[in-house]
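Here is my note on the model, point by point. Please read it with the structure open.

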Amino acid sequence: MTEAQDLVGGEQPLLELDGIGKFYGNIIALQGITTEVRAGEVTCVLGDNGAGKSTFIKILAGVHKHDAGDFRLEGKPVDFNSPREALDAGIAAVYQDLAMVPLMSVWRNFFLGAEPTKGVFPVRWVDKPEAKRIAKEEMAKMGIDIRDTEQPVGTLSGGERQSVAIARAVYYGAKVLILDEPTSALGVKQSGVVLRYIVEAAKRGLGVIFITHNPAHAYPVGDRFLILNRGQSMGNFAKEEITQQELTQLMAGGAELEQLQHELEAAIAGK
Amino acid sequence: MSDTAVPDVGNSDANAAAAAADAMAATLAGGADERLAYRGVFQRLFVRPEIGAIVGAAAIWAFFWAVSREFGTAGGMSSILDVSATLGIMAVAVSLLMIGGEFDLSSGAATGTFAIITILLVKDVGDLGGAGLSLWIAIPLSLLFALGLGWINGMMVERTGLPSFIVTLATFFVLRGFKLGFSKLIIDNLTVGRISEAQGRGYEFWEPIFATVWIRNEHQLEARDAIYTIGILGGLALLAFAVAELNFARRDKLNPGGLPIFGAGVAGVIAGILYMHNSDGVSANSIAAAIIGVAGLAAFVGFCMWRYERQEAGSLQLDASVSKLLAAGVIASVLAMAFAVVFDVDSQEPVLDLVGALRWPFVIAAGAYAAFRAFQKSAGDSNTQSQTLINVSSIAAASAFTMYAFMFMTTEQGLRSILFGVTMLAGLILLAIAAGNAGRNSPITRGLVLTVFSAVLVALAFFIRSQSASVKFRSELFSVLLVSALVFFVWAVCSTMFTQRRFQEAKADGFGTTLAQVGGAAIAVGIIIKLLFTTQAELDAGIARAGFRISILWFLGFSLFATWLLGRTKFGSWIFAVGGNKQAARQVGVPAARTKTQLFMIVSVAAWLVGLLLAFRLDTVQSVAGNGLEFEYIIAAVVGGTLLTGGYGSAFGAAIGAIIVAMTKQGIPSARWNSDWRFAFLGIILLTAVIANNFIKTKAEESR
């Protein structure tokens, strides 16, 4: 991590958000969100259910447009009309439902939508050996250990599927990788595996946005933390500025948690 | 909050990951991954979506070969292929669409529609009006209609979001109505003819493309049987070597000691075949067969000694499970032969008369009583013995009922063949299971069981030759059984002597696959030559005319194209993706709506092709042509391993499925059964196929 920071930390941020807001009619879904994503760093977005995390990703991935504030990619203001535009600009999102076809093989899934072809129009075919080789190699580079690229994705474990999706995004030259709750459905060990891939992706110079509601997953891998609560930003911290304890408290609404603790203690004492 | 959920993701771990990546890169360079356990040849074949269809096709062909006269002749083959061709072109297209997750119920009616459109376009402008166009215009124009129909189907499904089942059901009825309505309106007739009115307007050019027939009787090739024999035997030998290459572990260093044995064996086989070819008489044939058998064994063992690792045979372990199955298998086989001897082969007497009309109630009563007793006993004490008794008596009761049901329908001769066939098959299956179980004990045990299996096959072969009334059984089945017995015996010896592979070996896999492909091609060439050519001897014997239509070539070409499309192109991946998970496909940039619309267009273009084949062949087309056939296409696709829910399947499988459907359509009349039973038969096949495919799919996901 530190190497990567030394290399790129001083440059201009890859992605900057300044006072971003989103309104659905009279509902304020998101307001005043400010953060940045640097190449080689992991920016964690934390929040409880309903905090506005999904709206936040959708703005970044081009599904929705923001209604207020500035959204800059490499210093230039951007305004995406579709996920495709965001993807072309180098922002790739890996969603919870993974965008994988379970009955298709790993390599076909890896290249789906952008298969390498051989031959001259109209006779073009997929360069299968090459595709299998690249898929295996790319995943090996990420330290992902796929036994057989011909095996259907449906037979992989949840963590492995996440890792295929991450490797795919990295291979397609994503500059910013958005991961939507990649660890939420996984067991302890699988989560560890996915967290390792997140670090690996950042080491390869990507800016990673890691969305989660688990501070214990976020703190070890994150360089910057944006905490959301009820559509508002509860703070945007660099790692040095905050401890995991504080992070957990902030996320759960700080004072409320403290109050709850007091109440519980009083109840136990009164018994 | 506990921190245990997170491993320490520091530098050391990242370095470890990098090291692992390096190690992986190293294995990549080496080819195969050492962590992959090698799956046996048969296990790998088993997970292909089309394997069920191929096995089914072989079984159905063998069944009809046994019960009918036409199957197994060139004429029978030409009519099966003739029916499969038009059915298969559609089935392949429909399977692509089904893999893409949609149905097209208008596909059957569409075939007739495009035939009628083309005919109306070229028909002379006369009292019964046609457009009088040249075929050069009419054919592209009707193709445009076809593309339009597919586009409309696709757009309606995509735009409305309705199930394609409903949308295309509507299109089906519209087409049906249009065909009748316009035929009556324009030419006042339900039969639309004739495309040959385009004489002089391109008919001479297009007719051969869609309606050429290869008349077998007009093409003589005296070397045919030699080519056929070499193709079949050479192909089988190559296949056998391929199986060995894929199954056994290669030696680190080749053992040249095996080569002389291999060479001598091959020379012996060739000598035996030449001797058999050049001499006549039963004793000469037996001697030649013995030479071929011994030499074949030597050749194979020599080949294996040259290339593969030896293994310890282990000690003979005939435990209870193996010996029980072995005994049961042998007893069933003997029983089968006993049935065949006891019943009269020539008797056309209904079995009911034979048994005596009064006796059957006793059969039922006996079965029912046994079941009743067993039930009573089990109510008292439920130990394993009474459980066994219940099982035995229920089977007895069920068999009594089934026997009774059969007696209604069959003659003594029929009963004889049913009893013989079923018992024999059961015996062979029991022996095969015994061999599988024995393999877990020790190689030598499996070798022994396989030897028994092979001996039973030899006994069966000679039994059939001595007992059967049919020449076909006495000669062809006899030789097939002897060859299979030899194959199993060779396998018994080799699988005892040599080590099975445990890991993938890229080189051996490549070589084995090439051998198998060449072998398969040799067999195919042999069969095709035999089908396409006749000999003077056959003509002198007055063989029936057989013609192969060019539609078979269209079928072959279209199947190959679809297989290539599905397996090797971008579009193929997209088909699987939109059928497997449309949402996911969209997210990664697959144009889902366009892919599905193109699939509908492929189906309607296939319907256009079939329509033209029909029009040129029949000259006049009924306005109801094609209606209702869409379900046969779907059945063929499903029998071929395509999943009804989309996302899985194979075009090649659908082609085989079409051949299966065609065989049942042709087989039932040619076996002289009432063809009303055809649909019942088709239904049973569909159900069996779906169950088998589901099973295969589950296995495919497990065994990876």
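1. Confidence in chain A is lowest in helix H1 (residues 2–8) of chain A, at a mean pLDDT of 43. It is highest in strand E10 (residues 207–212) of chain A, at 89. Here pLDDT is the predictor's confidence in each residue, from 0 to 100. Helices (H or I, at least four residues) and strands (E, at least two) are DSSP runs, numbered from the N terminus. Over residues 1–9 of chain A the pLDDT is below 50, yet this stretch has twelve contacts in the model beyond near neighbours in sequence. A contact means that two C-beta atoms, placed from the backbone, lie within 7 Å. Where pLDDT is low, the predicted coordinates should not be read in detail. For chain A as a whole, the mean pLDDT is 80, and 92% of residues reach 70 or more.

2. Ground rules. This is a predicted model: local features need pLDDT of at least 70, side-chain atom pairs count only at pLDDT 80 or more, and totals for chains, interfaces and linings use all residues. Residues are numbered from 1 along each chain as its sequence is written, while chains are lettered from A and ligands numbered from 1 in the order in which they are written.

3. Chain B in outline. The chain has 27 helices and four strands. Of its 704 residues, 39% count as buried. Buried means 20 or more other C-beta atoms within 10 Å of the residue's own; exposed means 12 or fewer; partly exposed lies in between, with C-beta atoms placed from the backbone. Among contacts in chain B between residues at least 6 apart in sequence, 81% join residues at least 24 apart.

4. The cores. The largest nonpolar core has 181 residues. Such a core is a set of buried Ala, Val, Leu, Ile, Met, Phe, Trp, Tyr and Cys residues joined through C-beta atoms within 7 Å. Its members with the most contacts inside it are A:Leu177, A:Ile178, A:Ile198, B:Ile89, B:Ala91 and B:Leu96. H24(B) gives the largest share, 17 residues. Beyond four places in sequence, B:Leu96 contacts B:Ala562, B:Leu566, B:Ile575, B:Leu599, B:Ile602 and B:Ala651. A second, separate core of 54 residues includes B:Val243, B:Ala340, B:Leu431 and B:Val452.

5. H8 against H24. How do helix H8 (residues 203–211) and helix H24 (residues 592–618) of chain B pack, and at what angle? The angle is about 110°, and the axes are 9 Å apart. Axes are lines fitted to C-alpha atoms, for helices over the stretch in contact, and angles run from 0 to 180 degrees between N-to-C directions. H8(B) and H24(B) are therefore roughly perpendicular. The cut-offs are under 35 degrees for roughly parallel, over 145 for roughly antiparallel, 65 to 115 for roughly perpendicular, and oblique for the rest. H8(B) contributes B:Glu207, B:Phe210 and B:Ala211; H24(B) contributes B:Leu612, B:Leu613, B:Phe616 and B:Arg617. By class, this contact has five nonpolar, no polar and two charged residues. Ala, Val, Leu, Ile, Met, Phe, Trp, Tyr, Cys and Pro count as nonpolar, Asp, Glu, Lys and Arg as charged, and the others, Gly among them, as polar.

6. H21 against H22. Helix H21 (residues 551–568) and helix H22 (residues 570–580) of chain B pack at about 75°, with axes 5 Å apart. That makes this pair roughly perpendicular. B:Leu565, B:Leu566, B:Gly567 and B:Arg568 of H21(B) meet B:Phe571, B:Gly572 and B:Ile575 of H22(B). The residues divide into four nonpolar, two polar and one charged.

7. Backbone check. A:Glu181 sits in the loop between strand E9 (176–180) and helix H7 (188–203) of chain A, and is partly exposed, with 19 other C-beta atoms within 10 Å. Phi of A:Arg230 is also positive, near 50°. A:Arg230 lies in the loop between strand E11 (224–229) and strand E12 (232–238) of chain A. A:Arg230 is partly exposed, with 15 C-beta neighbours inside 10 Å.

8. A:Phe111 lies in helix H4 (residues 106–111) of chain A. With 24 other C-beta atoms within 10 Å, A:Phe111 is buried. Leaving out residues up to four places away, A:Phe111 touches A:Pro116, A:Ala131 and A:Ala135.
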